[in-house]
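Here is a short note for a colleague who is meeting this structure for the first time. Please read the numbered points with the model open.

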Amino acid sequence: MRETAPSGAQGRDDGPWVSSRPRAERARQLADVLRHRITSGAYDGGVLPGERELGAHLGASRNAVREALALLRNEGLITRKQGVGTTVVLPKYGHGLDRLAGLAETLTGHGTVTNEVRAAHPVPAPPAAIVERLGLAPGEGAVHVERLRRLGGLPLSLDTTYLTADIGLPLLGCDLAHRDLFALIEETSGQRLGRAEVSVHAVTADPDTAALLGVEAGAAVFAIERLTHLADGRPVDAESLHIRADRLALHATLHRGPAPTESR
């Protein structure tokens, strides 16, 4: 059975690829399908079939497949070498956006997550934006934690965190190099986390961030702003995360229904 493109990746008539469509459009549509299959782990060992086999399976010409693979190579997702074939450069791991979970918890079974603790100290005068996000009183301090996080020894994300003093100070004596902050917060405070607001942006890595993450300056990264609240609604954890887009795919399960009423 041949695989056809998902409805979001098909042309205007929702049919299979046809030669009358512009070459660039056909290549883009094929690249969308192949990208999805690659990031979902469809190819064992990260090795893709040959162009003829891909074309037969997807119902596309060999030239269209070759152009689609060129797009994915330019994205840095795959590499192509004579005698070796087409292989995935690095595996992409899924990180759900529909559950509040730490990185190590999310990636259980995919390797060891370790953290290089670059900063962990009280901040008597937090930045104004942090004061606003955490709802701090005038003159109230916070705790700053910054960690470079690695999966399997390779850089994955740079996490900059500000915590309210009552939540953050007890963490300074904990194992920040091997534990998720969420679990530590619940253990040390005796309180459960409740919810988080998350904003995701696509940005280009500045030279310093790029050097830490092991990518080229200007490479695309996910910039995630997350504000986490305790179960009683109080905000206690304001984070700015920069995540390598070539190593992590963000996903969520969404349900159709009435828009939720905003709660504070």
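Which residue in β9 is the bridge partner of Leu158? His242 is that partner.

1. **What you are looking at.** This is a predicted model. The chain has 264 residues, and 40% of them count as buried. Eight helices and 10 strands are found in the chain. Take the contacts in the chain with a separation of 6 or more: residues 24 or more positions apart account for 59% of them.

2. **The sheet as a whole.** Start with the strand order. Six strands form an open sheet, and they run β4-β5-β6-β9-β8-β7. The pairing is antiparallel. From one strand to the next, the twist averages 15°.

3. **The edges.** β4 and β7 (193–204) stand at the edges of this sheet. Each has a single partner strand, so one side of each is left without a neighbour in the sheet.

4. **β4 against β5.** Strand β4 covers residues 113–123 and pairs with β5 in the antiparallel sense, over 10 bridges. Glu116 stands opposite Leu148 in β5. Val123 stands opposite Ala142 in β5.

5. **β5 against β6.** Strand β6 covers residues 154–164. β5 and β6 also pair in the antiparallel sense, over 10 bridges.

6. **The turn between β5 and β6.** How many residues lie between the strands in the hairpin of β5 and β6? There are two. In this hairpin, Gly152 takes a positive phi near 60°.

7. **How enclosed is β5?** Strand β5 covers residues 142–151. Nine of its 10 residues are buried, so β5 is largely enclosed by the rest of the structure.

8. **β9 and its partners.** Strand β9 covers residues 235–244. Eight of its 10 residues are buried, so β9 too is largely enclosed by the rest of the structure. β9 pairs with β6 in the antiparallel sense over seven bridges. Leu158 and His242 belong to this pairing. Nine bridges join β9 to strand β8 (residues 220–230), and those two strands run antiparallel. Here Thr228 has Asp237 of β9 as its bridge partner.

9. **The turn between β8 and β9.** This hairpin has four residues between the strands. Gly233 takes a positive phi near 100° in it.

10. **Arg195 on β7.** Arg195 is found in strand β7. Is Arg195 buried or partly exposed? At 24% relative accessibility, Arg195 counts as partly exposed. Arg195 and Thr228 are 33 residues apart along the chain, yet their C-alpha atoms are separated by 5.9 Å.

11. Now turn to the helices. Helix α2 (residues 51–58) and helix α3 (residues 62–74) pack at an angle of about 105°, with their axes 9 Å apart. That angle makes α2 roughly perpendicular to α3. On the α2 side, the contact is made by Glu51, Arg52, Leu54 and Gly55. On the α3 side are Arg62, Val65, Arg66 and Leu69. By class, the contact has three nonpolar, one polar and four charged residues.

12. **Glu51 in that contact.** Glu51 has its place in helix α2. At 11% relative accessibility, Glu51 counts as buried. Leaving out residues up to four places away in sequence, Glu51 touches Arg62, Val65, Arg66, Leu69 and Arg80.

13. **The cores.** The largest nonpolar core has 17 residues. Those with the most contacts inside it are Leu30, Leu34, Ile38, Leu54, Leu69 and Leu72. α1 (23–39), α2 and α3 each supply at least two residues of this core. Another core, of 13 residues, lies apart from it; Leu176, Phe182, Leu184 and Ile185 are among its members.

14. **Leu54 up close.** What does Leu54 touch, not counting residues up to four places away in sequence? The list is Leu34, Tyr43, Leu48, Pro49, Val65 and Leu69. Leu54 also takes part in the contact between α2 and α3.

Methods: Residues numbered from 1 in each chain as written. Predicted model: local features only at pLDDT ≥ 70, side-chain atom pairs only at ≥ 80, totals over all residues. Heavy atoms only, no water. Axes fitted to C-alpha atoms, helices over the stretch in contact; angles between N-to-C directions. Parallel < 35°, antiparallel > 145°, perpendicular 65-115°, else oblique. Contact = heavy atoms within 4.5 Å. Nonpolar A, V, L, I, M, F, W, Y, C, P; charged D, E, K, R; others polar. Core = buried A, V, L, I, M, F, W, Y, C linked by side-chain atoms within 4.5 Å. Buried < 20%, exposed > 50% of the residue type's maximum accessible area, 1.4 Å probe, protein only. Pairing = 2+ DSSP bridges.
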